[in-house]
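Here is a short tour for anyone opening this structure for the first time. Keep the 3D view open while you read, and click along as the residues come up.

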Amino acid sequence: MRVLKKEISEFFQAPFADDTISLRNIHSKNAVILKLKGNGEQRFEILRCERVSCWSFAQRALRHIFIEGNTLAGFTGFEEIQIEEEAGHVYAFGKPLYEASVVIVRGSGRLNSLKSFYELLWNCCGFSTKMPRSLLMGDSFNETLDRRDALLVLSSKSEAKVKDLLEKGVRVALHVENERELDIFYRSGVRSFILSDFKNEYRERYADCFFILQEGDVASAIGKVDGLIVDIKEFSLEEIVLAGLVNRLLPLYVSAEGVDSKLLDVLGFGAIGWRRCTNPVFTRIEQKRYGIYEISYVSETNVPGRVRIDVSKDSVEWFFEQSEISLKKQTLEREDGRYFHFYREGVS
Amino acid sequence: MLELRYNPLTDEWIIVSAETQRRPVQPSQQSCPICVGGVELPEEYDLISFENRFPALKRNPPDVLSESDIFLKKRSFGICEVVVYTSRHDVALPGMPLRQIEKLVEMWVDRTVELFTYDFVEYVFIFENRGKEVGASLSHPHGQIYAFPFLPRRILAKVEGFSKWRDQKGSCPVCDVVAEEVRLKKRIVFETDSFVSLVPFYARFPFEVHVYPKRHVTSLPELTTLERAELAKHLKIITLKYDGLYGQEFPYMMMFFQAPMKRLDAELFHLHIEFNPPKRDKDKIKWMASVETGTWAFINPMVPEQAAEMLRRVEVSEL
Ligand SMILES: [Zn+2]
Ligand SMILES: [Zn+2]
């Protein structure tokens, strides 16, 4: 694999500089981060690898990661990306935006390298993660349950209805077609938007807003928007596992139809039109054997469980552990607005 | 006044909460506010966690304006809860039935999960101050939970410690310590299949005890049913041994260190519980004084191996 037309090993030698693309590298033991400042005009070759030995995510949403042997190279912050195949090689071309990065990780195992890749992106971009929140469609809204946890995606854009819900303290999210619409609803108090075209200047203009991108790739959406809608149906299980990891970095929302809802629970995705478990799910993902991943989690009712995903056979096995003690919780709000959570034995 | 103020000298946020000045001091038992019928809890209950009447952090804190680029302020987002372990006024962790402590562990699990769902919460800290020596203002058995909007300095130090160890050795320091202590046995106070309680090699307080799960788990919710029950047992045994040490109620600070779940490197963190008792002898207190407060350097007047031996020898009645 070659990155920016150089052999990977060159980046792991003494500090590296290149005048043409203003390059900065940060060394750690197993990783290098190359930061590129865009010069505005040219597209160039970001990386190239051999088709036969290279493994990459098949789907658009996660594809800017390439793995060859024990080396992973992934990138973010480029536009007009094009992946081409020619004479047994795969090429990625693109144009760096204001700050683009190429991350190279050398290590053992695909999943570990992938984890390091996302950790590094997160560390060097310096943004904090947001918990995914459920997205609910207008009609599946339960006032007492969802007020705090969910974003209510309204299907109609009636200003009176929006106003009414906002007054009740409901977090409303709206699909907007263009900036004019965004501006109108921003003025009426909406702070969450789903849009298909995001411009960086929205960040400054609407600093207190939560933006979910309708469609796009994960690597470019990280650090830019607050959430992304992905089509998980076409993912392989390994990609779903990875998406579960990414989800901590960038909340991913999926339409739940046709996907095992329990699996989504475990991975903590937000979902549209369907009630995700609203508590966060603590996942630990371990590679047990080649192709077999084990994920530990806690269900909505605090029952710890594990799921084993066998990627080679596409099989999913569930293990639940029923607690001997089960507590029933009842929450009261006192007159001064304080919450009192009563716990007693019993099934809730 | 309720706000966060930034200290650039130490890169940390300070919680200014003038309201805490109005906290009650040592009320008599007749007026216990958290007994059934008390001012906070008029109704019957078994266990309860409720938002503090005088919180340092709030779900809906007042707005603040930074005075300048030099004096930075933030709103005091967060949640402070009082966790009442039982409706019985006259027991404490060591005297509570094991079943009640198991329920308490389940409640802590649920509080951890729920508090982390708030967008503004970055860290959930469960703790108990027992005894007037460490500032407990109520004798009814209870602890507290602070859900912080930032990662407190010492938690960050731990996160960095875990990360440094991983970089250098490729493993988890707690996993490594547990394996070594179990082999050596000399600092262990109590051990079961999945937990070990010990006076750590690096103890800062004379009778400091740490409770470590043997398995690498990052937080309470990850513990299995069996592990949760074993944890309850350790908490009871350790506090029983403390009380038996000098035949008196032994004051302590009990603190739960869980992973900052919203960070990607959360998985490096290994759940652990620290007991920091201030007593150095039957009637001597080791205070947090200039050296400890000012530099975070500790001078431990007790050899940890000897403290472990003393605690091991305290007989506790069968559970
Ligand atoms: Zn009481
Ligand atoms: Zn560990």
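Chain B has a mean pLDDT of 91, and 96% of its residues reach 70 or more; pLDDT is the predictor's confidence in each residue, from 0 to 100. The model scores ipTM 0.94 and pTM 0.79. This is a predicted model, in which local features need pLDDT of at least 70 and side-chain atom pairs count only at pLDDT 80 or more, while totals for chains, interfaces and linings use all residues. Residues are numbered from 1 along each chain as its sequence is written, chains are lettered from A and ligands numbered from 1 in the order in which they are written, and side-chain values use heavy atoms, with hydrogens and water left out.

Let's begin with the metals. Donors here are N, O and S atoms within 2.8 Å of the metal (3.2 Å for Na, K and Ca); water is not among the atoms, so sites may look incomplete.

| Ion | Protein donors | Distances |
|---|---|---|
| zinc ion (ligand 1) | B:C32 (SG), B:C35 (SG), B:H89 (ND1), B:H140 (ND1) | 1.9 to 2.3 Å |
| zinc ion (ligand 2) | B:C172 (SG), B:C175 (SG), B:H216 (ND1), B:H270 (ND1) | 2.0 to 2.3 Å |

Along the chain, the donors of the zinc ion (ligand 1) are spaced C-x2-C-x53-H-x50-H. Two of them link distant parts: B:C32 is in the loop between β2 (12-17) and β3 (47-51) of chain B, and B:H140, 108 residues apart from it, is in the loop between β6 (123-130) and β7 (142-148) of chain B. Helices (H or I, at least four residues) and strands (E, at least two) are DSSP runs, numbered from the N terminus. The 4 donor atoms subtend angles of 104 to 115° around the zinc ion (ligand 1), so the arrangement is tetrahedral. For comparison, the ideal angle for four tetrahedral donors is 109.5 degrees. B:C32 is buried at 5% relative accessibility, and B:H140 is buried at 1%. Buried means under 20% relative accessible area, exposed over 50%, and partly exposed in between (1.4 Å probe, protein chains only).

What about the zinc ion (ligand 2)? Its site is tetrahedral too, with angles of 106 to 114° among the 4 donor atoms. The spacing of its donors reads C-x2-C-x40-H-x53-H. B:C175 sits in helix α3 (residues 173-184) of chain B and B:H270 in the loop between β11 (252-257) and β12 (272-276) of chain B, so this pair ties together parts that are 95 residues apart in sequence. B:C175 is partly exposed at 23% relative accessibility, whereas B:H270 is buried at 0%.

Now for that helix. Which residues of α3(B) are buried? They are B:P173, B:V174, B:V178 and B:E181. These cover an arc of only 130° around the axis, so they are on the same side of α3(B); the arc is that of the directions from the helix axis to the C-beta atoms. They pack against α2 (153-169), β8 (188-191), β9 (195-198) and β10 (209-213) of chain B, where contact means heavy atoms within 4.5 Å.

Just after α3(B) comes B:K185, with a positive phi of about 70°. B:K185 is in the loop between α3 and β8 of chain B and is partly exposed, with a relative accessible area of 44%. Over in chain A, A:K5 has a positive phi of about 65° although it is not a glycine.

How values were computed:
Tetrahedral: all angles 85-135°; square planar, octahedral: opposite > 155°, others 65-115°.
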